[in-house]
Amino acid sequence: MVRLVIEVKEPRRSIPIIGSLSGMMLVMRHLFRKPVTVQYPEEKSKLPDRFRFRIFLKLDDCVGCTLCEQVCPNGSITMQHVDRENPRNKRMIYPDVNFGTCTVCRNCEEICPTDAIYLTHVFETSRTRNSFTYSPEELAMQEDEVKK
Ligand code: SF4
Ligand code: SF4
């Protein structure tokens, strides 16, 4: 006859105070560290050098070649007629940019033969109006001049 013997081990008893103390020590360690958060918008974090967002346009330098529109991978740029005198832009067409679809890939900046369109560190473009598209004139304005 085979006898089956099952040995039941006593569960290890943990002392609850050790867990509480280690939690408190963790809190104390972090209490005197510099916080990783900042009080935005009063305080602003330093942006990485390669950060980029808001696109600007120098209207006088744009020759209306449409290269930026053609190279944009998601159709975020559309050429618009702007009634302004510019001997370098006889067709009087300039790019607008839809920031709702722009992926900040920088293709437009790289292809532009006159450096008229370029990306910057500006990122505070929140608005209440029902469009993310900046007209060519708005692309030439500072952010606080653009109608929100
Ligand atoms: S912004 Fe540059 S690439 Fe775009 S139409 Fe003007 S000149 Fe051409
Ligand atoms: S950054 Fe890229 S996605 Fe945005 S408008 Fe320029 S080409 Fe288009």
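How do the residues of the shell around ligand 2 divide into nonpolar, polar and charged? The legend to View 1 gives the count. All views show a predicted model.

**View 1. The shell around ligand 2.** The residues of this shell divide into nine nonpolar, four polar and one charged. There are 14 residues around ligand 2. Cys72, Cys102, Cys105, Asn107 and Cys108 come nearest.

**View 2. The shell around ligand 1.** Around ligand 1 there are 14 residues. Those that come nearest are Cys62, Cys65, Cys68, Cys112 and Ile117. This shell has eleven nonpolar residues, three polar and no charged.

**View 3. The whole protein chain.** Four helices and five strands make up the secondary structure of the protein chain. Along the sequence they follow the pattern α-β-α-β-β-α-β-β-α. The protein chain has a radius of gyration of 29 Å, whereas the globule rule gives 15 Å for 148 residues, so the chain is more spread out than a compact globule. Along the principal axes, the C-alpha atoms fill a box of roughly 105 × 50 × 30 Å. Of the 148 residues, 14% are buried. Among contacts with a separation of 6 or more, 70% join residues 24 or more positions apart.

**View 4. The open sheet S2-S3-S5.** Three strands form this sheet, and their pairing is antiparallel. Strand S2 (77-81) and strand S5 (133-134) are the edge strands, and each pairs on one side only. S2 and strand S3 (residues 93-98) are joined by five bridges. Thr78 stands opposite Asp96 in S3. Strands of a sheet pair through backbone hydrogen bonds, either parallel or antiparallel.

**View 5. The largest nonpolar core.** This core has 15 residues. Leu57, Cys68, Val97, Cys108 and Ile117 have the most contacts inside it. Strand S1 (55-57) and S3 each supply at least two residues of the core. Cys68 touches Ile77, Pro95, Cys108, Ile111, Cys112 and Ile117, leaving out residues up to four places away in sequence. Cys68 is also one of the residues that come nearest to ligand 1, while Cys108 is among those that come nearest to ligand 2. In soluble globular proteins, nonpolar side chains tend to be buried together.

**View 6. Lys58 and its contacts.** Lys58 sits in the loop between S1 and helix H2 (67-71). Is Lys58 buried or partly exposed? Lys58 counts as partly exposed because it has 14 C-beta neighbours inside 10 Å, and a buried residue needs 20 or more. Beyond its neighbours within four places in sequence, Lys58 is in contact with Ala116 and Ala140. Pro136 is 78 residues from Lys58 in sequence, yet the two are 9.0 Å apart in space, C-alpha to C-alpha.

**View 7. The cis peptide bond at Pro41.** A cis peptide bond joins Tyr40 and Pro41. Its omega is about 10 degrees. Pro41 lies in the loop between helix H1 (16-31) and S1.

View 8. Most residues other than glycine have a negative phi, and most peptide bonds are trans. Met92 has a positive phi, near 55 degrees. Its place is the loop between S2 and S3. With 13 C-beta neighbours inside 10 Å, Met92 counts as partly exposed. Val104 also has a positive phi, near 45 degrees. Val104 belongs to the loop between S3 and helix H3 (107-111). Val104 is partly exposed, with 16 other C-beta atoms within 10 Å.

Technical notes: Residues are numbered from 1 along each chain as its sequence is written. Chains are lettered from A and ligands numbered from 1 in the order in which they are written. This is a predicted model: local features need pLDDT of at least 70, side-chain atom pairs count only at pLDDT 80 or more; totals for chains, interfaces and linings use all residues. A residue is near a molecule or strand if its C-beta atom, placed from the backbone, lies within 6 Å of it. Ala, Val, Leu, Ile, Met, Phe, Trp, Tyr, Cys and Pro count as nonpolar, Asp, Glu, Lys and Arg as charged, and the others, Gly among them, as polar. The radius of gyration is taken over C-alpha atoms; the globule rule is 2.2 Å times the number of residues to the power 0.38. A residue is buried if 20 or more other C-beta atoms lie within 10 Å of its own, exposed if 12 or fewer, and partly exposed in between; C-beta atoms are placed from the backbone. Two residues are in contact if their C-beta atoms, placed from the backbone, lie within 7 Å. Two strands pair if DSSP finds at least two bridges between them. A nonpolar core is a set of buried Ala, Val, Leu, Ile, Met, Phe, Trp, Tyr and Cys residues joined through C-beta atoms within 7 Å.
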